[in-house]
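Colleague: I am new to this structure and would be grateful for a guided introduction. May I put my questions to you in turn?

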Amino acid sequence: HAIMQLEKELGVQLFEKTGRNTTLTRYGEEFLICTEHTLETLDAGVENLQRSARGEGLIRLGFLRPLGVEYVPRLAASYLAEHSDKRIDFTFHTDVTGPLLDGLEAQRFDLLFCSRPPEDMGFRAVPVSCQELVLITPRKHPLASLKEVDLQQTREYPYVFFSRTSGIRVDIDRMFDEISMEPKIAYETEEDQVVAGLVAQGFGIALVADVDAIHRDDICIRHLVSHESFSHTVYMGYMTGKYQLPAIKRFIEFVRESCS
C-alpha cells in the first residue's frame with residue numbers, strides 16, 4: 001500500500017514484477033540513488049549533532065588583529081591540547097571592534113576578543129587582558145629624547161589617532177578628557193600597524209597599546225608619566241540568551257580560568 005501511494009505521488013512506477021520476482025524499474029533505480037544520498041546526508045547530520053553534544057564542533061572567533069600575533073593563537077592551541085580527545089575546530093577573523101560587534105550581533109561569530117562593547121548592545125563582556133598605553137614617536141622627534149612623557153608635553157605636536165570605529169579610541173579620548181587637553185589630530189586610521197607606519201614616516205605621534213605590532217626599529221616607544229587610567233582593557237564578548245554549544249561554553253570557562 002505504501003509503495004502504491006508513493007508511486008501515485010511521484011507519477012511513475014517504481015517496481016515491476018518479473019515472474020515471481022519484484023524488481024526496480026529504471027525510475028525506481030534513479031529514486032533509490034536519491035534515497036541513499038538523502039539517508040547519508042541525514043546520518044551525517046545526526047553524527048554532527050551528536051559530536052556537538054559531546055563537546056566537539058566549531059568555535060568561531062573574532063578578534064583585534066594585534067591579538068592574533070600571540071594571544072588568541074596561544075589560547076586556542078592550549079584549549080586544543082587540553083581537549084585532544086575531541087574533534088574541535090576554530091575559525092579566526094580579525095577586524096576592529098565596531099565591525100566585530102556587528103558580526104557577533106549577526107551571529108557570524110561565537111566569541112570576540114575586543115574592546116569593551118557598549119552596554120546597550122546586551123553582550124556579556126569579561127575582561128581578559130590589560131595593555132599599557134604608550135606614546136610612539138619618529139626616531140628624531142624631540143620627545144624621543146625623554147625617558148617618560150607627560151601628555152601635557154605633547155600639546156603642540158600633531159597626532160595620528162585611531163578612528164572612532166576602534167574601541168581603543170574611547171580609552172584615549174577619556175585620557176585627554178581627564179587632563180582637560182584637546183590633542184591636535186592630524187590623521188585618523190584603524191590599524192595599529194598603520195598608525196605605527198605613519199608615525200615612522202613623520203606624520204605625527206600616537207598613543208597605542210604596547211603590543212608586538214608597534215615594536216619596530218624606525219619608531220621610539222615612550223612610557224607615559226604614571227597614571228592609573230593609561231591602559232586599554234581587552235574583553236571577551238559573547239551573546240547572552242542564545243543557545244551555545246558545549247564546546248563554546250567550555251572554551252569560555254577555559255578563558256576565564258586562564259585569566260584568573
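Colleague: On what basis do the values rest?

Modeller: This is a predicted model, in which local features need pLDDT of at least 70 and side-chain atom pairs count only at pLDDT 80 or more, while totals for chains, interfaces and linings use all residues. Residues are numbered from 1 along each chain as its sequence is written, and side-chain values use heavy atoms, with hydrogens and water left out.

Colleague: How many aromatic pairs does the structure hold?

Modeller: Rings of Phe, Tyr and Trp (its six-membered ring) pair if their centres lie within 6.5 Å; planes under 30 degrees apart are stacked, over 60 edge-to-face, and the rest tilted. The number of aromatic pairs in the structure is 12.

Colleague: What is the geometry of the pair formed by Tyr159 and Phe176?

Modeller: The ring centres of Tyr159 and Phe176 lie 5.6 Å apart and their planes stand at 85 degrees, an edge-to-face pair. Tyr159 belongs to strand S8 (residues 158–162) and Phe176 to helix H5 (residues 168–178), so the pair links distant parts of the chain, 17 residues apart. Helices (H or I, at least four residues) and strands (E, at least two) are DSSP runs, numbered from the N terminus. The geometry is thus edge-to-face.

Colleague: Is Tyr159 buried or exposed?

Modeller: Buried means under 20% relative accessible area, exposed over 50%, and partly exposed in between (1.4 Å probe, protein chains only). Phe176, at 2%, counts as buried. The relative accessible area of Tyr159 is 0%, so Tyr159 is buried.

Colleague: Why is the pair of Tyr187 and Phe203 edge-to-face?

Modeller: Tyr187 is partly exposed at 38% relative accessibility, and Phe203 is partly exposed at 35%. The ring centres of Tyr187 and Phe203 are 5.3 Å apart, and the pair is edge-to-face because the planes meet at 85 degrees.

Colleague: Which residues does Pro183 touch, beyond those up to four places away in sequence?

Modeller: Pro183 sits in the loop between H5 and S9, and counts as buried at 17% relative accessibility. Contact means heavy atoms within 4.5 Å. Leaving out residues up to four places away in sequence, Pro183 touches Tyr159, Phe161 and Phe176.

Colleague: Which element gives the most to the lining of the largest pocket?

Modeller: On a 1 Å grid over the protein atoms alone, a pocket is an open set of points where a 1.4 Å probe fits, with protein on both sides within 12 Å along at least five of seven lines; lining residues have an atom within 4 Å of a point. The largest pocket holds about 280 Å³, a volume being the space filled by probe spheres set on the points, which are joined across faces, edges and corners. Of its 17 lining residues, Ser115, Arg116, Gly167, Val170 and Asp171 lie nearest the centre. The element that gives the most, with four residues, is S12.

Colleague: What is the volume of the second largest pocket?

Modeller: The second largest pocket is lined by 13 residues, of which Pro66, Leu67, Tyr71, Gln131 and Val211 are closest to its centre. S6 gives the most to this lining, with four residues. The volume is about 220 Å³.

Colleague: Against which elements do the buried residues of H6 pack?

Modeller: The buried residues of H6 are Asp192, Val195, Ala196, Gly197, Val199 and Ala200. H6 is followed by Gly202, whose phi is positive, near 85 degrees. The buried residues of H6 pack against S6, S8, S9, S10 and strand S11 (219–224).
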